[in-house]
Amino acid sequence: MNDNAGNHDTTGGHDDGRAGGDFGEAEQELLEEELRQAAAVLDPVPDSLRQLAVEAFALHDLDARIAELTFDSLVDAIPVRGATDVPRMLTFQAGDLTVDVEVSGDGLLGQVMPPQPARIEVLNGPRAGDRLTADELGRFAAQAPPAGPFALRLHAGGDVVVTEWLRA
């Protein structure tokens with residue numbers, strides 16, 4: 001009878017179900033590092049995506065309230081026949097604070113309700129966002145539309161509110 005035939009256990013009777021034998025922790029870490037290096041060469045993470053992830057994490061406000069998207073004209077509005085290049089209308093809600101935003105090729109218009117002054121940052125991934133100021137009626141505007149994924153960070157009445165991220 002051949003000793004190498006069948007299921008010969010070389011681990012001293014302790015079969016943990018792993019194929020290929022018993023790896024120690026050091027061998028597993030070495031294998032994981034080799035796989036990471038291979039993935040970095042064969043399928044690298046694009047620099048723009050890496051930068052977006054780093055900045056999204058860096059921009060995370062632990063004390064900020066999240067403003068939930070309650071209306072998006074791309075999803076909720078009834079299309080008008082013949083209308084082309086219509087602005088996208090968005091409404092965000094955080095408690096009693098509402099932010100209405102219109103995004104078009106001409107830029108971004110918005111209003112904070114109830115009307116109040118506010119500082120607003122347009123967060124849009126790897127590039128620095130626009131800094132806007134809402135007047136005493138809560139109105140604000142940006143000359144250029146956001147490019148790619150964006151969110152708004154509002155500083156109003158001592159609160160910090162961040163909208164959900166959307167793609168422009």
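This is a predicted model: local features need pLDDT of at least 70, side-chain atom pairs count only at pLDDT 80 or more; totals for chains, interfaces and linings use all residues.
## Salt bridges

A salt bridge is a side-chain nitrogen of Lys or Arg within 4 Å of a carboxyl oxygen of Asp or Glu.

## Pairs involving Glu 121

Arg 131 and Glu 121 form a salt bridge through their side chains, at 3.0 Å from N to O. Arg 131 belongs to strand 6 (residues 131–134) and Glu 121 to strand 5 (residues 118–123), so this pair ties together parts that are ten residues apart in sequence. Arg 131 is exposed, its relative accessible area being 67%, whereas Glu 121 counts as buried at 14% relative accessibility.

Glu 121 also meets the side chain of Arg 153 in a salt bridge, with an N to O distance of 3.1 Å. This pair links distant parts of the chain, 32 residues apart, as Arg 153 lies in strand 8 (residues 149–156) and Glu 121 in strand 5. Both Arg 153 and Glu 121 are buried.

## Other pairs

The side chains of Arg 139 and Asp 135 are joined by a salt bridge of 2.8 Å, N to O. Arg 139 is partly exposed, at a relative accessible area of 44%; Asp 135 is partly exposed as well, at 23%.

## Confidence

The protein has a mean pLDDT of 81, with 76% of its residues at 70 or more. Confidence is highest in strand 7 (residues 139–142), at a mean of 95, and lowest in helix 2 (residues 47–58), at 72. Over residues 1–18 the pLDDT is below 50, and this stretch has seven contacts in the model beyond near neighbours in sequence.

Conventions. Residues are numbered from 1 along each chain as its sequence is written. Side-chain values use heavy atoms; hydrogens and water are left out. pLDDT is the predictor's confidence in each residue, from 0 to 100. Helices (H or I, at least four residues) and strands (E, at least two) are DSSP runs, numbered from the N terminus. Contact means heavy atoms within 4.5 Å. Buried means under 20% relative accessible area, exposed over 50%, partly exposed in between (1.4 Å probe, protein chains only).
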